[in-house]
Structure formats: C-alpha cells, structure tokens
Amino acid sequence: MWARSPLAPPRAPPPPGGGRGGGGGRGPPRPGGGPPAATGVVLTLAVAAPAQAAGYRYWSFWESDGGGKWTYATQGPATARPGDGDAIGFRFALSNDTSDASRPSAAPSFTTICAGVEEKADTKRIAVVVDFGGPEDAPPGETPPAQRLKVGCAQVRESATGAEALAAVVKPLRYDSAALLCGIAGYPAKGCGEQVSETQPSSPAGTPTANPTLSAVQKTDDDDGGGPSAGIVVGGAAVLALGGAAVWKARRRA
C-alpha cells in the first residue's frame, strides 16, 4: 500500500503504501472499454495518465504478523490497525507497480525489535521498520540518510493506527494537501510520489536483515498521535484504486 500504509493532491498518488502510509502517479490512459470492474476513481485517474510514465518514486506500506514475511498492505496506515505483536514497514523506492515494489530490507521481527518492551494495560506494541532506500532510489538532487534503516517498537493505545505507530518511532512526517505520506524524517525533502520515465530502472527488492539498529518508543493516550489528518483516508481510497489501474495495465501488456 502506498503510504501512503500502507496507502490525493490535485494529482493522484502512485499505486498502493501505506503508506502509501500510507505516491503521486496517475494510472494508464483509458482505452475503449476501460479496465474491468473499474471504479469511478480508477477511470478518472486512467484518463489523466501520461502514457510514457512507467513508475513511481514513493513510500510504500507493508505489514506482517511480526514473525513472517512482509506483505504489501491492502489499506493505508491511517486506516490499518495492527495488533499487539504485529510489524509494519515503510520503504522509499522507485517501483513500476505494486508487483515489483521493494520491501523493507529489515526483517519484520517483532521479538527482536520489541525485545525488552513489556506489555502494558490498554496499549499494544508494534514493531516499526523504516527503510529510506539507496542512492538509486533517491530523487534528483537528494541523498538518502546515512543510516538507511530506522526501526523501533511503538507502544501505543489499543485503537491506534499504523500512522500513529509510525509517528511514535520517527518524526517529522510530511504529508501533502490530501494527507498522503510524502516524507519521513525529512526525506525526501520535497515532492510526493513523482512519476518517472521508462529509462529509469526500478530498484531491486531489499533482502531483509535480521538485526537492525533498534529504538523502543512508548506513546500514551495523552500524545496527539502525530499522524495525518482524517483526509488521508480519502487519499488511501484513491491509492487503492490506482492499485487496480496498475494491475489492469500489467494485464494489457501481457
């Protein structure tokens, strides 16, 4: 999910977070008949799409039960509500569509990331992994942080969303006018899910590492949440629609 988190501004986001928490690409041009079972959002995005755009540079959103593999999220971080013992991941990368999106390069190991963080009444613990990607993923003129991975254990209220868990581990978070996640910890400094040309290769999917640097973060009900406004739910719906457009595009090419 584009974090889009899993997971729009005047333009639509790239295929689904988060992310994407919850990026900003548009779907393919609409030929006669359009994609099967397309929603109104998909049709609108499809009409506006430039044919030469092949990929998107954005924050994708991933989920795990805390002991298995990363799975591309089916909803944005503002609506996803991971449970105690789960893991969520965010990866900044250049991807053609949801099928080749790069996973976070740290394993979703709840026992490792949340080691030492004990259960507390009315809270839940969520392992959070943020992967800033490599130089090949960076927008023109920007450099990813020297520390590629940021991980932490968010201890948040029981009803907290993935966006709240992310905000408990790393700040600041930057959102666009539609509350789509555009930047984490100042990266990238500008832009939000730009389309890229077909000449730019997508980055390879990361190989999860077992022992990233850890940081435990606790968040209580008194905190403001640090997440996006309610508008991100709308943006997340557009992102899901774009996922359908990306699948339709792949089928047309097959």
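**Exercise 1. The disulfides**

Which cysteine forms a disulfide with Cys182, and how far apart are their sulfur atoms? Describe the remaining pair as well.

*Solution.* 

Step 1. The model considered here is predicted. In it, Cys182 and Cys192 form a disulfide, with 2.1 Å between their sulfur atoms. A disulfide is assigned when two cysteine sulfur atoms lie within 2.5 Å, so this pair meets the cut-off.

Step 2. Locate the partners: Cys182 lies in strand E7, and Cys192 lies in the loop between E7 and strand E8 (195-197), 10 residues apart. Both Cys182 and Cys192 are buried.

Step 3. Determine the handedness. The S-S bond of Cys182 and Cys192 has a torsion of -80 degrees, and the link is left-handed.

Step 4. Count the links: the structure contains 2 disulfides. Cys114 and Cys153 form a disulfide too, and their sulfur atoms are 2.1 Å apart. This pair links distant parts of the chain, with Cys114 in the loop between helix H2 (110-113) and E4, and Cys153 in strand E5, 39 residues apart.

Step 5. The torsion about the S-S bond of Cys114 and Cys153 is about 100 degrees, and therefore this disulfide is right-handed. Both Cys114 and Cys153 are buried.

Step 6. When the bonded cysteines are numbered in sequence order, the pairing reads 1-2, 3-4.

**Exercise 2. The nonpolar cores**

Which residues have the most contacts inside the largest nonpolar core? Identify the elements that contribute to this core.

*Solution.* 

Step 1. The largest nonpolar core has 25 residues, and those with the most contacts inside it are Trp59, Phe90, Val128, Val130, Leu166 and Ile184.

Step 2. Two or more residues each come from strand E1 (53-64), E3, E4, E5, helix H3 (162-169) and strand E7 (181-184). H3 supplies the largest share, 5 residues.

Step 3. Take Val130 as an example. Leaving aside residues up to four places away in sequence, Val130 touches Trp59, Phe90, Arg148, Leu149, Lys150, Leu166, Val170 and Ile184.

Step 4. A second, separate core has 17 residues, among them Trp62, Ala87, Ala106 and Cys114.

**Exercise 3. The chain as a whole**

How many helices and strands does the chain have? State also how much of the chain is buried.

*Solution.* 

Step 1. The chain has 4 helices and 9 strands. From the N terminus on, their order is α-β-β-β-α-β-β-α-β-β-β-β-α.

Step 2. The chain has 254 residues, of which 56% are buried.

Step 3. The accessible surface comes to about 10500 Å², and 53% of it belongs to carbon and sulfur atoms.

How values were computed: Residues numbered from 1 in each chain as written. Predicted model: local features only at pLDDT ≥ 70, side-chain atom pairs only at ≥ 80, totals over all residues. Heavy atoms only, no water. Buried < 20%, exposed > 50% of the residue type's maximum accessible area, 1.4 Å probe, protein only. Areas by Shrake-Rupley, 256 points an atom, 1.4 Å probe, with all protein chains shown as cover. Core = buried A, V, L, I, M, F, W, Y, C linked by side-chain atoms within 4.5 Å. Contact = heavy atoms within 4.5 Å.
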